[in-house]
Amino acid sequence: MKLTLYEVAKVVDAQNSIAEFDDLPLNQIEFDSRKISAGDIFLPLKGERDGHDFIKLAFEKGAVATFSEKKVEDKPYILVPNCLEAFQKLASYYIEKMRLDVIAVTGSNGKTSTKDMIAAVLSTTYKTYKTQGNYNNEIGLPYTVLHMPNDTEKIVLEMGQDHMGDIHLLSTIAKPHIAVVTLVGEAHLEFFGSREKIAEGKMQITDGMDSHGILIAPGDSIIDPYLPENQMVIRFGQGQEIYVKDVREAKHSLSFTTNILPKAVNLPLTGKYNASNAMVAAYVGKLLAVSDEDILDGLENLQLTKNRTEWKVAKNGADILSDVYNANPTAMRLILESFSAIPANTNGKKIALLSDMKELGEESVSLHSSLIETLKPDKIDQLIFYGKDIEELARLASAIYPPGTVSFFKKDAEVDEFEKMYQYVQDILKANDQILLKGSNSMRLDKLVNLLSD
């Protein structure tokens, strides 16, 4: 970080005397004492354990100072009422200090892939940093900001929401110059109550923007009531200002044309929905003066965060389409449509293994069941269901699929048939087959992917 101990204390309004602090350069800020190295400052956060209990360990590992909500004996510390709020304030200050463009991305689906694509495009021309992994909340976003390299020119920040107000907080910290909303679906419906409320929460991404900010958002009318009045708004989708056409999908690639680029885009990944994400990334590049040639090059050579629509090879040679990081009905429907469109291997079956989608509230069973329209026996040969709320979908599928081609394995508070399911998959999966795995992260289908492929 380009920060000194005295500067940090001043920025966060330390409640103890800061006159004793000199301009000692700091290395990094860490909230995990195990990651502390010489020259770092420690941030004790309160979670399952109180980080204050690890202050001594942090100093033993080389910390030069710590934040604290109480007095620390015989060690340099910055006294604040709330360590997390101080952390967030410091991150906001650091963005302004670095004088760089902030691109913020949110959405019920596609935000991680879109973040990766935007970063890939911008990296062809600028020193670009992006959210690592799933560090997209009130802790992860400031951590990302304060860990970016000193020569960063553009930063792409993913913003997630579990509850109303989450995006507002992140936007006011980051103060984005460009904001992207990928899609409004049913993610976290349990906490919002309606898709309209989810849209309202997502659109808070503009709350930290000034009048020069630019919002890129889908043409979905559900966001219309929440569009900002004092910022430029670009809508995407059919009939909108920017759009894709001529989408062609293969097993490991995707091509399309768009009205904003002179040539077709070729992506090294599947999923028709990724055409829209890539188009948005291309438009962000054009806004920031990246050449068309570099935009195309960045997209053609991009690498996505793991477990987002990733093809892997099973130990027996079967193809695994892993999309197990998260799930909601819109995402599930999109990946099923893409998987259905991909031709089967010669003499091979197409198998879909689907698990529960979490945080859908009282409508969970009916939202799971609504996916029956996407399941076609002539497109997907065999179905495996795993969970609790997805059981009704399994029953509906059994009514339209041939006998013996639909299986259900239970997972609830009392029973977990994961091992039974794993053995079943091992028994039926052949070398020429393709299998899709899709479900919420908490269902741990990543474990199944690893067992099948390692």
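The crossing of helix 4 and helix 9 is right-handed (right-handed: the near helix is turned clockwise from the far one by less than a right angle; left-handed: anticlockwise). This is a predicted model, where local features need pLDDT of at least 70, side-chain atom pairs count only at pLDDT 80 or more, and totals for chains, interfaces and linings use all residues. Residues are numbered from 1 along each chain as its sequence is written, and side-chain values use heavy atoms, with hydrogens and water left out.

**Exercise 1.** Describe the packing of helix 4 and helix 9.

*Solution.* 
- Step 1: locate the helices. Helix 4 spans residues 111–123 and helix 9 spans residues 273–287 (helices are DSSP runs of H or I, at least four residues, numbered from the N terminus).
- Step 2: take the geometry. The axes come within 8 Å and cross at roughly 40 degrees (axes are lines fitted to C-alpha atoms over the stretch in contact; angles run from 0 to 180 degrees between N-to-C directions).
- Step 3: classify. Helix 4 and helix 9 are therefore oblique to each other (under 35 degrees is roughly parallel, over 145 roughly antiparallel, 65 to 115 roughly perpendicular, the rest oblique).
- Step 4: list partners. Helix 4 brings Ser113, Thr114, Met117, Ile118, Val121 and Leu122; helix 9 answers with residues including Asn274, Asn277 and Ala278 (contact: heavy atoms within 4.5 Å).
- Step 5: sort them. This contact has eight nonpolar, five polar and no charged residues (nonpolar: Ala, Val, Leu, Ile, Met, Phe, Trp, Tyr, Cys and Pro; charged: Asp, Glu, Lys and Arg; polar: the others, Gly among them).

**Exercise 2.** Describe how helix 9 meets helix 10.

*Solution.* 
- Step 1: helix 10 covers residues 292–300; its axis comes within 10 Å of that of helix 9, crossing at roughly 145 degrees.
- Step 2: the crossing is right-handed.
- Step 3: Ala278, Ala281, Ala282, Gly285 and Lys286 of helix 9 touch Asp292, Ile295 and Leu299 of helix 10.
- Step 4: the count is five nonpolar, one polar and two charged.

**Exercise 3.** Describe the packing of helix 14 and helix 15.

*Solution.* 
- Step 1: helix 14 (residues 418–428) and helix 15 (residues 445–453) pack at about 40 degrees, axes 11 Å apart.
- Step 2: helix 14 is therefore oblique to helix 15.
- Step 3: their crossing is right-handed.
- Step 4: among the contact residues are Phe418 and Tyr422 of helix 14 and Leu448 of helix 15.
- Step 5: the contact divides into eight nonpolar, one polar and two charged.

Key: Helix = DSSP H or I, 4+ residues; strand = E, 2+ residues; numbered from the N terminus.
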